[in-house]
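Here is a short report on salt bridges. Look through the charged side chains first, then read on.

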Amino acid sequence: MSSYPPPFDHPFGTRIDRDALAQRLEAAAGWEAKNRLLVQLARELPPLPDALRTDEHRVAGCESTAWLVIGRQEGRLLAAADSDSRIVKGLLALLLTAYHGHTPAELAGFDFEAWLVSLGLQRFLTTSRGNGLRAMSRMIREAIAEFSH
Amino acid sequence: MPMNVPFSAARIRDEFPVFRHHPDLIYLDNAATTQKPLAVLDAERRFYETANANIHRAAHRLGSAATDAFEGARTRIAAHLNAAHPDEVLFTRGTTEAINLAAHSWGRAHLRPGDVILLSTLEHHANIVPWQLVAQATGAIVKPIPLDADGTIDQRAFLSLLTPAIRLVGLTQCSNATGVLPPLAPMIAAAKAVGALVMIDGAQGIAHGGVDLQALGADFYAFSGHKLYGPTGVGVLWARRELLAKMPPWQAGGEMIDRVSFDGTTFAEPPFRFEAGTPPIAQAVGLAAAMDWLAGHDRDTLLRHELALRERFEAGLVQLDCIRVLSASAPRGPITALAFDGLHPYDVAQFLDGYGVAVRVGQHCAGPLHQALGLNGSLRASFAAYNTEADVDATLAALATTLEQLA
Ligand SMILES: Cc1ncc(COP(=O)(O)O)c(C=O)c1O
């Protein structure tokens, strides 16, 4: 499955799918457990190489910094990401799970923000000026819109 | 409160209804905004229930009652600040608008190409960006006063920067990010000696110990109601009457004019010249109530309490690894800013939030200060009169657990 070249050779969106993550998040009752799970997901996402942690890929929230790299292969969207914050990196793992390795047709009608709300993570959307999450999901959606043209 | 009643933070906390709705909340984000005592909420509500009308022009009794309440608030606020005259108190939306008013009104009228505005590197963006805009418009130059290694203002550099080209020096009374207290008295005296005006950003300082404007000797003083136990939407710019008289209007509209015609309009005297449109009337009444409420306590006792909480917190931090207090040995207000080795402040704050502790992370609108300290951000705990030793101890315990979770 995850036969993509670096930096897209991570498990989120390929070996780990939305259902698997939803199950893990539902099992994490309460804020502390959810925070811990996000930190754990950050550990499972390999770091972006320094060469890609550039201004070109930088998405700044006002409290943390994240890097998002977008590519495509055989009609599929590829995405890789990293952050200096582990919680934000865990949230990025959710974003990658939703989009990475998928075709625009598979993603038609999918609403990332509604999915986060259904997972009990809406507080990260309301504070997204701080963590940049909305900005990143918007960038991915724009990339998808572009390559379906 | 009479002085013979011993101080009790728990009793003060009882005066803040927010804690009835959030009994377990440990609120250490006071530098962003404080909670409001019942006395302030009551004053605003009473105004709306008993005296609400637009001010200054209404030909009816309720209008007079509203005007009396608003102008009465101005008079009481002036007294709390020890201003020489109520007309020196201009109502604004807050600190940001107060500094913009000074920059755009005084700055555009009086700054010339080559004039210099000196700003400390501690400043909040609200005391930097308005001056940058005015500098662009007038050809004046904004120069920073650098910091020492411990994050305090480099006094030698300051003195060497002072020349007759300096028209204004902008200083915070208390850094909102690290709590550092600049030595205002000698700095103001040195600035005045070269003929510069001095803008003091009192947004943080006024909440901890207050201010005596006639003793301070500055030319402009700005603060917000909402950081002082008062309402949002109201703040003050103070300046002496002689200076205000030489300042043109900034915003224009109703209330600020003397006579309008299409041949030319003449403007009202200060303070009305600077209060275009309907001002924050109930909020001004609430701000006066907040300052009355504070004056009902011994300000020194409140400040000592807040500083004791900060010290208890910082003493407890010594037990924890990988934490550094910024500007630890500098004179500071009741604010602790932390940097972590190998941990992101955002992550620490997210875990603390899970344990009911509200702190703030980021650069706290003090980008130049963080650049000078070589940090992307910090975590800030800021204390107010209603915080208790139990708040501090619970925060230390939550922080210890957080560090384990993130280890
Ligand atoms: C030192 C300082 N200056 C200015 C401001 C801006 O105040 P306001 O947002 O109330 O206008 C703040 C508050 O964030 C502050 O702490």
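Glu32(A) and Arg36(A) join in a salt bridge, 3.4 Å from N to O. A salt bridge here is a side-chain nitrogen of Lys or Arg within 4 Å of a carboxyl oxygen of Asp or Glu. The two residues sit four apart in helix H2 of chain A, so about one helical turn separates them. Helices (H or I, at least four residues) and strands (E, at least two) are DSSP runs, numbered from the N terminus.

This is a predicted model: local features need pLDDT of at least 70, side-chain atom pairs count only at pLDDT 80 or more, and totals for chains, interfaces and linings use all residues. Residues are numbered from 1 along each chain as its sequence is written, and side-chain values use heavy atoms, leaving out hydrogens and water.

Over all chains, the structure holds 22 salt bridges. Two further pairs are these:

| Pair | Closest N and O atoms |
|---|---|
| Arg24(A) and Glu44(A) | 2.8 Å |
| Asp82(A) and Arg53(A) | 3.0 Å |

Asp82(A) lies in strand S3 (residues 76–83) and Arg53(A) in the loop between H2 and strand S1 (58–60), so this pair ties together parts 29 residues apart in sequence. Is Asp82(A) buried or exposed? Asp82(A) is buried, with a relative accessible area of 1%. Arg53(A) is partly exposed at 31%. Buried means under 20% relative accessible area, exposed over 50%, and partly exposed in between (1.4 Å probe, protein chains only). A network of salt bridges links Arg53(A), Asp82(A) and Lys89(A).

Definitions and conventions. Chains are lettered from A and ligands numbered from 1 in the order in which they are written.
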